[in-house]
Amino acid sequence: LTVKDHGYFNQQAKKLDLDAKELEYLSQRESFIVGITDDWAPVEFINENGEADGVNVDLIRALAERAGFKVEFKSYKSYAELFEAFAQEDVDIIAGLAETKERKKTILYSKGYWDMPWGVLHSQFLETQQNISHFSGTPLAFVKGYHLIGDIRITHPQIQITVVDSVEQGLAAVQQGLVDGFIDTLPVLSKLAKR
């Protein structure tokens, strides 16, 4: 590629296809407050320097740069606190919020930009568990506020649900033998398993 061509592709990569309504909305706003959780690594978290970090943070920063608005990140200790802040309109944007029929009544969702499958982190003595039904009659930990709790109560009522406030509490519950497993998204569980 010539320098000129390279510049063209760089400019194209920075463009967003926004419709007239979206452009009008952005012209009325200079900045947005984005809510994140402190400890949902690698998805979103506060790093050792006290700064917002993670996949969602990087994607939102890139979007803001390309669309021409500023973002300020505000962190919360738990997912439940984050969701409450969003419901109270203390933050404008949160990422990674599962779309449900009930939530769609009051929340405007963007198009999804990545899928995050769920998984179960459990002790090695359980060996490989191929699906959620293998945990029938056993306790599993879920972070408070996750929509999945309601789904599991309906589809697998025999699973005993233990609600925790954070990823760290879910991991601790498994390590201490209080539950047989902790359910969260695969990127989060992979990071915990490496630790």
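Student: In which loop is Pro42 found?
Tutor: Pro42 sits in the loop between β2 (39-40) and β3 (44-46). Strands are DSSP E runs of at least two residues, and helices are H or I runs of at least four, numbered from the N terminus. This is a predicted model: local features need pLDDT of at least 70, side-chain atom pairs count only at pLDDT 80 or more, and totals for chains, interfaces and linings use all residues. Residues are numbered from 1 along each chain as its sequence is written, and side-chain values use heavy atoms, with hydrogens and water left out.

Student: What is omega for the peptide bond from Ala41 to Pro42?
Tutor: Omega is near 5°, and the bond is cis. Most peptide bonds are trans.

Student: Why is Glu89 called exposed?
Tutor: Its relative accessible area is 68%. Exposed means over 50%, buried under 20%, partly exposed in between (1.4 Å probe, protein chains only). So Glu89 is exposed.

Student: How do you know that Asp92 and Arg29 meet in a salt bridge?
Tutor: Their N to O distance is 3.0 Å. A salt bridge needs a side-chain nitrogen of Lys or Arg within 4 Å of a carboxyl oxygen of Asp or Glu. So the pair qualifies. It links distant parts of the chain: Asp92 in the loop between α4 and β6, Arg29 in the loop between α2 (20-27) and β1 (31-37), 63 residues apart. Asp92, at 32%, is partly exposed, and so is Arg29, at 26%.

Student: How many salt bridges does the structure hold?
Tutor: Four. Among them is Glu168 with Arg195, at 2.9 Å, N to O. Glu168 lies in helix α7 and Arg195 in the segment after α8, so this pair ties together parts 27 residues apart in sequence. Arg195 is exposed at 62%, while Glu168 is partly exposed at 35%.

Student: What makes Leu59, Tyr113 and Trp114 a patch?
Tutor: Together they form a nonpolar surface patch of about 270 Å² of accessible area (Shrake-Rupley, 1.4 Å probe; for residues, only the protein chains shown count as cover). Patch members need over 30% relative accessible area and no salt bridge; nonpolar side chains (Val, Leu, Ile, Met, Phe, Trp, Tyr) are joined within 5 Å, like charges within 9 Å. Trp114 has 31% relative accessibility. So Trp114 clears the area cut-off.

Student: Where is Trp114 placed?
Tutor: In the loop between α5 (101-104) and β7 (118-122). Gly96 and Trp114 are 18 residues apart in sequence and 9.0 Å apart in space, C-alpha to C-alpha.

Student: Why is a void called a cavity rather than a pocket?
Tutor: On a 1 Å grid over the protein atoms alone, a 1.4 Å probe fits in a cavity but cannot get out; a pocket is an open set with protein on both sides within 12 Å along at least five of seven lines. One cavity of 30 Å³ or more is found in the whole structure. Volume is the space filled by probe spheres set on the points, which are joined across faces, edges and corners.

Student: Which residues line the largest cavity?
Tutor: Thr37, Trp40, Glu44, Tyr79, Leu82, Ala95 and Gly96, each with an atom within 4 Å of a point.
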